[in-house]
Amino acid sequence: YFAQRVFQAPAATTLRAAFADRFLIGAALDRSALTPGSPRAELAAREFSALTAENDMKWASLHPAADRYDFRAADAYVDFGQQHHLAVIGHTLVWHGQTPRWVFEGDAGQAATREVVLARMREHIQTVVGRYRGRVKGWDVVNEAVADGGPATLRDSPWLRSIGDDFLD
């Protein structure tokens, strides 16, 4: 009896339904995987309860220039999630990769001051999170801040060099 009970397949027909009362099931996908009618989009809508934006919410995609935001890809991603009742996880607000160089540069191309970089970070986060308030379940706020393959130290990144150890704060 015990073996039958423990190893019995769930009655649900999808991963989403099988684990609905336990945890979210999802994947990191880019918007191209969510093209309406595509097999990947159908699979995501049927099997998943959550989606994490792979690249469409990273700084370079959303805020490529100091005076310009482009929300088209991220909006489409969030719209897909809402249409299919998926929890959308925003990825990522601060990362050492895919952040445009201008974020860390002053007006004449020199290194921007700590205060300038902090102000840009704050404005970016407030703008992006504010736009998706109530539509995004959660955010990967800082991604890969710890260095690879060694003692737990902060990664040598433009954020660390521009702001200091407290950029995580």
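Student: Which residues does His63 touch, leaving aside those up to four places away in sequence?

Tutor: His63 touches Arg68, Tyr69, Pro100, Trp102, Glu123 and His124. A contact here means heavy atoms within 4.5 Å. This is a predicted model, in which local features need pLDDT of at least 70 and side-chain atom pairs count only at pLDDT 80 or more, while totals for chains, interfaces and linings use all residues. Residues are numbered from 1 along each chain as its sequence is written, and side-chain values use heavy atoms, with hydrogens and water left out.

Student: Where does His63 lie, and is it buried or exposed?

Tutor: His63 lies in the loop between helix H4 (59-62) and H5. Helices (H or I, at least four residues) and strands (E, at least two) are DSSP runs numbered from the N terminus. The relative accessible area of His63 is 1%, which means that the residue is buried. The classes are buried under 20% relative accessible area, exposed over 50% and partly exposed in between, with a 1.4 Å probe and protein chains only.

Student: What share of the protein chain is buried?

Tutor: Buried residues account for 41% of the 169 residues.

Student: Switching to the overall fold, how many helices and strands are there?

Tutor: The protein chain has seven helices and four strands, and along the sequence they follow the pattern α-α-β-α-β-α-α-β-α-β-α. The radius of gyration is 20 Å, well over the 15 Å that the globule rule gives for 169 residues, so the protein chain is more spread out than a compact globule. That radius is taken over C-alpha atoms, and the globule rule is 2.2 Å times the number of residues to the power 0.38. Taken along the principal axes, the C-alpha atoms fill a box of roughly 70 × 40 × 25 Å.

Student: Among contacts between residues at least 6 apart in sequence, what share joins residues at least 24 apart?

Tutor: That share is 69% in the protein chain.

Student: Where is confidence lowest, and where is it highest?

Tutor: Confidence is lowest in helix H1 (residues 2-7), at a mean of 52, and highest in helix H6 (residues 114-131), at 98. The protein chain averages a pLDDT of 92, and 93% of the residues score at least 70. pLDDT is the predictor's confidence in each residue, from 0 to 100. Where pLDDT is low, the predicted coordinates should not be read in detail.

Student: Which residues of helix H3 are buried, and what do they pack against?

Tutor: In helix H3 (residues 39-47), the buried residues are Ala41, Ala44, Ala45 and Glu47. The buried residues of H3 pack against helix H2 (15-18), strand E1 (26-29), strand E2 (50-53) and helix H5 (72-83).

Student: Now cavities. How many of 30 Å³ or more are there?

Tutor: There are two cavities of 30 Å³ or more. On a 1 Å grid over the protein atoms alone, a cavity is a set of points where a 1.4 Å probe fits but cannot get out, and lining residues have an atom within 4 Å of a point. Grid points are joined across faces, edges and corners, and a volume is the space filled by probe spheres set on the points.

Student: What lines the largest cavity?

Tutor: Its lining consists of Val94, Trp95, His96, Val142, Asn143, Glu144, Ala145, Arg155, Ser157, Trp159 and Phe167. The volume of the largest cavity is about 40 Å³. Strand E3 (87-95) and strand E4 (138-143) each supply at least two residues of this lining. By class, the lining has six nonpolar, three polar and two charged residues. Ala, Val, Leu, Ile, Met, Phe, Trp, Tyr, Cys and Pro count as nonpolar, Asp, Glu, Lys and Arg as charged, and the others, Gly among them, as polar.

Student: And which element gives the largest share of the lining of the second largest cavity?

Tutor: E3 does, with four residues. The lining of the second largest cavity includes Lys58, Trp59, Thr92 and Leu93, and about 30 Å³ of space lies within this cavity.

Student: Which residues does a cis peptide bond join?

Tutor: The cis peptide bond joins His91 and Thr92, with omega about -5 degrees. Thr92 is in strand E3. Most residues other than glycine have a negative phi, and most peptide bonds are trans.

Student: What is the phi of Glu144, and where is Glu144 found?

Tutor: Phi of Glu144 is near 55 degrees, a positive value in a residue other than glycine. Glu144 is found in the loop between E4 and helix H7 (158-163), and is partly exposed at a relative accessible area of 42%. His85, also not a glycine, has a positive phi of about 55 degrees. His85 lies in the loop between H5 and E3 and counts as exposed at 67% relative accessibility.

Notes:
On a 1 Å grid over the protein atoms alone, a cavity is a set of points where a 1.4 Å probe fits but cannot get out, and a pocket is an open set with protein on both sides within 12 Å along at least five of seven lines; lining residues have an atom within 4 Å of a point.
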